[in-house]
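I opened the notebook to record what I looked up in this model, element by element. The entries below follow the order in which I went through it.

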Amino acid sequence: MCTLSPHIRQELILHLEQFVTEPRQARLKEVLHLRTRHIAVVLEDLYQTQNISAVMRSCECYGVQDAYIVENRNEFNVHKDISMGADKWLTLHHYPYAEHNMKQCIDDLHTKGYTVVATLPDEKQKTIFDIAVAQKTAFLFGTELTGLSEEAVACADYNVLIPMYGFTESFNISNSAAIILSHASERLRHSDVAWQLTDDEHADLYLEWLQKSIRNPEPIVRDFLAKHTMGY
C-alpha cells in the first residue's frame, strides 16, 4: 500500500471498521496499547523452525513488535503449529543472504536509535540485570550450534548473559529469548520510560491489523483508495 496521508489513513480505518466486529476492534486496540518498539529482537541464521517459531511467539506474547531476520546459510521459515500465528502480528525485517548483511542490520538498528546487545554465555560479560531499559535495545540471538557470528559480536555495543547455576553451559535459543524478553519487558513496563507506540505507529499498525482481521480485504481497500485518494 502506498504511503497515505493521516487524513486518508483515518478515513480508511473508519471504513474498514465497518467490516470488523466491535469486540474485535476493542481487542486490537487493547493489544496495540501494550505494544512496544523500544525492544527488538534479531535472529541470525537460525535453522530450526521450532526455535524460530517459539521466538516469534515470545515476541508477540511480550508485546515486542519488531523482529529482524538475518539469513545466511539458512532460510527463515515459521512452524505454524508452534508460532500459533504469532508472526502474523509482528513486523518482520528480512536481511537475505548478502556479504556483511549482519553488519547492515546492526547499522540500520543504530540509525533507528537502538543499542545493540549480543547474548553470549560468557561469564566475563554483563548480565541481563545490567541492561539499561531507558535505551532502545535490540537483542541479538545466534545459531543453535555456534551462536552469534564474529561480525555480530564485533558490531554489537555490548554483550550480556543469563546467569546460570547448573552444569549446562547455555539455554536453548528460544528459552534464552523468552527469559530476556520477559525480564526486559517487565522492567520497561514498570519504568517511567516512554515505551509505547507513537500515534503514527499505532494508527499504521491498527490499519494493518484491521486488514488482517477481514477476509479478502484487498478489493475493499483498493476500491476505497480509488475513490478517495485522487488529489493526495
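I took helices (H or I, at least four residues) and strands (E, at least two) as DSSP runs, numbered from the N terminus. The model is predicted, so local features need pLDDT of at least 70 and side-chain atom pairs count only at pLDDT 80 or more, while totals for chains, interfaces and linings use all residues. Residues are numbered from 1 along each chain as its sequence is written, and side-chain values use heavy atoms, with hydrogens and water left out.

Entry 1, the helix pair. I looked up α1 against helix α8 (residues 199–212) and noted that they pack at an angle of about 35 degrees, with their axes 10 Å apart; the axes are lines fitted to C-alpha atoms, for helices over the stretch in contact, and angles run from 0 to 180 degrees between N-to-C directions. The crossing of α1 and α8 is left-handed. For contact I used heavy atoms within 4.5 Å, and by that criterion Arg 9, Leu 12, Ile 13, Leu 16 and Glu 17 in α1 meet a set of α8 residues including Asp 200, Ala 203, Tyr 206 and Leu 210.

Leu 12 lies in helix α1 (residues 6–17). I took buried as under 20% relative accessible area, exposed as over 50%, and partly exposed as in between (1.4 Å probe, protein chains only). Leu 12 counts as buried because its relative accessibility is 0%. I also noted Val 221, which is 209 residues from Leu 12 in sequence, yet the C-alpha atoms of the two are 7.6 Å apart in space.

I counted two strands as paired if DSSP finds at least two bridges between them. Strand β1 (residues 36–44) runs parallel to β2, joined by six bridges; Ala 40 stands opposite Asp 66 in β2, and Glu 44 has Val 70 in β2 as its bridge partner. From β1 the chain crosses through helix α3 (residues 49–61) to β2, and this β-α-β crossover is right-handed, meaning that, with the strands pointing away from the viewer, the path from the first strand over the helix to the second runs clockwise. β1 also pairs with β6 in the parallel sense, over five bridges, and there Leu 43 stands opposite Phe 141. Nine of the nine residues of β1 are buried, as are seven of the seven in β2 (residues 64–70).

I defined a nonpolar core as a set of buried Ala, Val, Leu, Ile, Met, Phe, Trp, Tyr and Cys residues joined through side-chain atoms within 4.5 Å. The largest has 29 residues, and those with the most contacts inside it are Leu 43, Met 56, Phe 139 and Phe 141. Its largest share, six residues, comes from α7. A second, separate core of 21 residues includes Val 20, Leu 28, Ile 214 and Leu 225.

Glu 60 is found in helix α3, and, neighbours within four places in sequence aside, I listed its contacts as Val 31, Arg 35, Ala 86, Trp 89 and Leu 90.

Methods:
A crossing is left-handed if the near helix is turned anticlockwise from the far one by less than a right angle, and right-handed if clockwise.
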